Amino acid sequence: MPDIFTHIAQADEQALAQLVDVLERRAAEPQLRAMLDAYLGEVALPAGARLLEVGSGTGAVARTLAGLAHAGSVVGVDPSPVFLARARELGAGIANLRFEQADGLALPFEAGEFDLVVLHTLLCHVPDPAAIVAEACRVLKPGATLAVFDCDFSTATLSTGRCDPFQSLAEALLEGIVHDRWFVRRMTRVLRSAGLQPGALRSYSYVEHPQPGFMYSWIERGSDALQAQGRIGEAALQGLRAEAERRVAAGEWFAHVAYASCLCTRPG
């Protein structure tokens with residue numbers, strides 16, 4: 001099953017509506033907000049800085065960027081009209097923030113326009129991350145920063161033991177939402193290949209226990225994927241969902257995935 005994010009502009013309305021909800025729920029998770037604040041806190045911006053987020057989705061990260069000290073203007077770009085409509089709705093009233101429809105492979109900006117470009121949970125979803133990084137590097141000012149944050153989906157688990165059927169749900173879901181689960185393992189190599197100077201690769205652990213967070217949606221989405229593939233029937237689907245409810249009620253819910261960030265400098 002191809003990653004939906006690789007053809008997001010053509011995705012059906014039902015799938016997009018579900019993703020809009022998931023993206024905002026994920027962005028609101030305190031653990032993930034802390035990760036965002038941690039890596040952005042290491043970025044030094046000049047007064048009146050121009051900031052860009054590529055693949056801005058519903059605009060949660062771009063809204064945070066607009067509130068940073070010294071942020072003069074912020075642009076979020078995304079190829080999905082549905083995501084952009086929601087981003088503009090949620091970002092209404094933020095004077096220094098705007099959204100434009102654009103593909104990360106061909107940004108509608110001149111070379112050297114931005115003091116900071118952010119790629120937040122984007123590169124694991126694209127077939128050619130090196131091309132996205134090269135284009136982001138093009139629009140960076142010399143000496144400016146590219147901030148990359150991504151999910152190491154190879155670590156994702158809903159399992160609490162060997163042969164836990166919940167892991168099959170995670171695997172089925174990831175087949176349809178991630179292009180490269182192991183991208184984080186090669187992140188710094190891709191960044192260096194673009195001529196950037198990467199800093200340290202920092203790792204973050206996201207855990208849900210005993211209460212569920214946004215990864216609880218993987219139960220419904222993963223079981224739907226298994227059923228759509230003809231791998232389980234309705235009885236099994238309902239049984240898996242009932243087991244998820246039981247684990248939550250018993251305080252046994254567990255989910256985990258790792259993230260990583262890297263701040264890079266474009267040589268001046």
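This is a predicted model: local features need pLDDT of at least 70, side-chain atom pairs count only at pLDDT 80 or more; totals for chains, interfaces and linings use all residues.

Before the strands, one term: two strands count as paired if DSSP finds at least two bridges between them. β6 is residues 197-198, and its pairing with β8 is antiparallel over two bridges.

With β5 it pairs in the antiparallel sense over nine bridges, and V148 has C262 as its bridge partner in β8. With β7 the sense is again antiparallel, over seven bridges. There, the bridge partner of Y204 is Y259 in β8.

Next, the pair of helices α8 and α9. α9 is residues 234-249, and its axis comes within 10 Å of the α8 axis, crossing at roughly 165°. Angles over 145 degrees count as roughly antiparallel, and α8 and α9 are therefore roughly antiparallel to each other. The crossing of α8 past α9 is right-handed.

Which residues meet there? From α8 they are I219, E220, S223, D224 and Q227, and from α9 they are E234, L237, L240, R241 and A244. By class, that contact has four nonpolar, two polar and four charged residues.

While we are on α9, please find R247, which sits in that helix. Is R247 buried or exposed? R247 counts as buried, because its relative accessibility is 8% and the cut-off for buried is under 20%. Leaving aside neighbours within four places in sequence, R247 is in contact with L158, T160, D164, F166, E252 and W253.

Another helix to look at is α5, residues 129-138. Its buried residues are P129, I132, V133, E135, A136 and C137. What covers them includes β4, at 114-120, β5, at 140-157, and α7, at 187-193. β5 has already come up, as an antiparallel partner of β8.

Now the backbone. As background, most residues other than glycine have a negative phi, and most peptide bonds are trans. Here are some departures from that.

H70 is not a glycine, yet has a positive phi of about 75°. Where is H70? H70 lies in the loop between α3, residues 60-66, and β2, residues 71-78. Its relative accessibility is 47%, so H70 counts as partly exposed.

C163 is also not a glycine and has a positive phi, of about 60°. The loop that holds C163 runs between β5 and α6, the latter being residues 166-177. C163 is exposed, because its relative accessible area is 75% and the cut-off for exposed is over 50%.

The last item is a peptide bond. From H209 to P210 the bond is cis, with omega near -5°. P210 lies in the loop between β7, residues 202-208, and α8, residues 217-228.

How values were computed. Residues are numbered from 1 along each chain as its sequence is written. Side-chain values use heavy atoms; hydrogens and water are left out. Buried means under 20% relative accessible area, exposed over 50%, partly exposed in between (1.4 Å probe, protein chains only). Helices (H or I, at least four residues) and strands (E, at least two) are DSSP runs, numbered from the N terminus. Contact means heavy atoms within 4.5 Å. Axes are lines fitted to C-alpha atoms, for helices over the stretch in contact, and angles run from 0 to 180 degrees between N-to-C directions. Angles under 35 degrees count as roughly parallel, over 145 as roughly antiparallel, 65 to 115 as roughly perpendicular and the rest as oblique. A crossing is left-handed if the near helix is turned anticlockwise from the far one by less than a right angle, and right-handed if clockwise. Ala, Val, Leu, Ile, Met, Phe, Trp, Tyr, Cys and Pro count as nonpolar, Asp, Glu, Lys and Arg as charged, and the others, Gly among them, as polar.
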